[in-house]
Amino acid sequence: MSNGLYSNNSGLPTMTRSEYIAEYHDITTYFDEEKARIKKTFPFFLALSIVNVIVEIVMVIVLIPIILDDPFINYRERTLAVIMLSAPCVLSFPLGSLIIRTKQIKKKEQERLDDLENRKKICMDFGTYDAEK
């Protein structure tokens, strides 16, 4: 797009085909780079979450019965022990965050492409879209 939406002397929005294609390319390239960064870190966070789940299962199977069956551990200590055993679940939060970020990126990309398409339609409605250039 040439220096903003309104670039001619009449105050009407203008756009050429090459400007549309260039802006479309800029949008898709930017968001493709964002998606690529997420894809690089996704395997690490997925592996971390899988290991976390396995460790949690083992801890729950092995340690919870010991804690709950020990007559010398009072209710308060049992509650604290259960909380401490569930604390490593925090290691799964980055994976959830990554999934949420991926959805946000896709949504934002679609919004930007829709906005570009709407601006093109406005120019076409005013007759100021030049498909030849």
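## A buried glutamate and its partner

At 11% relative accessibility, glutamate 34 counts as buried, because the cut-off for buried is under 20%. The model is predicted, and these values are computed from it.

Glutamate 34 takes part in a salt bridge with arginine 37, in which the closest N and O atoms are 2.7 Å apart. Arginine 37 is partly exposed, with a relative accessibility of 47%. Both residues belong to helix H1, which covers residues 17-69. Glutamate 34 and arginine 37 are three residues apart there, about one turn of the helix.

Helix H3 covers residues 93-126. Within helix H3, lysine 108 and glutamate 111 are three residues apart, or about one helical turn. Their side chains form a salt bridge with an N to O distance of 3.8 Å. Lysine 108 is partly exposed at 44% relative accessibility, and glutamate 111 is partly exposed with a relative accessible area of 39%.

Aspartate 115 and arginine 119 also lie in helix H3, four residues apart, again about one turn of the helix. Arginine 119 is buried, at 15% relative accessibility, whereas aspartate 115 is partly exposed, at 41%. Salt bridges with shared partners link Asp115 and Arg119 with Glu23 in one network. In the bridge between arginine 119 and aspartate 115, the N to O distance is 3.4 Å.

The structure has six salt bridges, among them the one between arginine 37 and glutamate 34.

## Elements and overall shape

Three helices and two strands make up the elements of the chain. Starting at the N terminus, their order is β-α-α-α-β. The chain is more spread out than a compact globule, because its radius of gyration is 27 Å, well over the 14 Å that the globule rule gives for 133 residues. Along the principal axes, the C-alpha trace spans about 85 × 25 × 20 Å.

Of the contacts between residues at least 6 apart in sequence, 75% join residues at least 24 apart.

## Surface and charge

Of the 133 residues in the chain, 23% are buried. Glutamate 34 and arginine 119 are both buried. The accessible surface of the chain is about 9,600 Å². Carbon and sulfur atoms account for 64% of this surface.

The chain carries 17 positive side chains and 18 negative ones. The centres of these two sets are 1 Å apart.

Terms used. Residues numbered from 1 in each chain as written. Predicted model: local features only at pLDDT ≥ 70, side-chain atom pairs only at ≥ 80, totals over all residues. Heavy atoms only, no water. Salt bridge = Lys/Arg side-chain N within 4 Å of Asp/Glu carboxyl O. Buried < 20%, exposed > 50% of the residue type's maximum accessible area, 1.4 Å probe, protein only. Rg over C-alpha atoms; globule rule 2.2 N^0.38 Å. Contact = heavy atoms within 4.5 Å. Areas by Shrake-Rupley, 256 points an atom, 1.4 Å probe, with all protein chains shown as cover. Lys, Arg positive; Asp, Glu negative; His and termini not counted. Charge placed at Lys NZ, Arg CZ, Asp CG, Glu CD.
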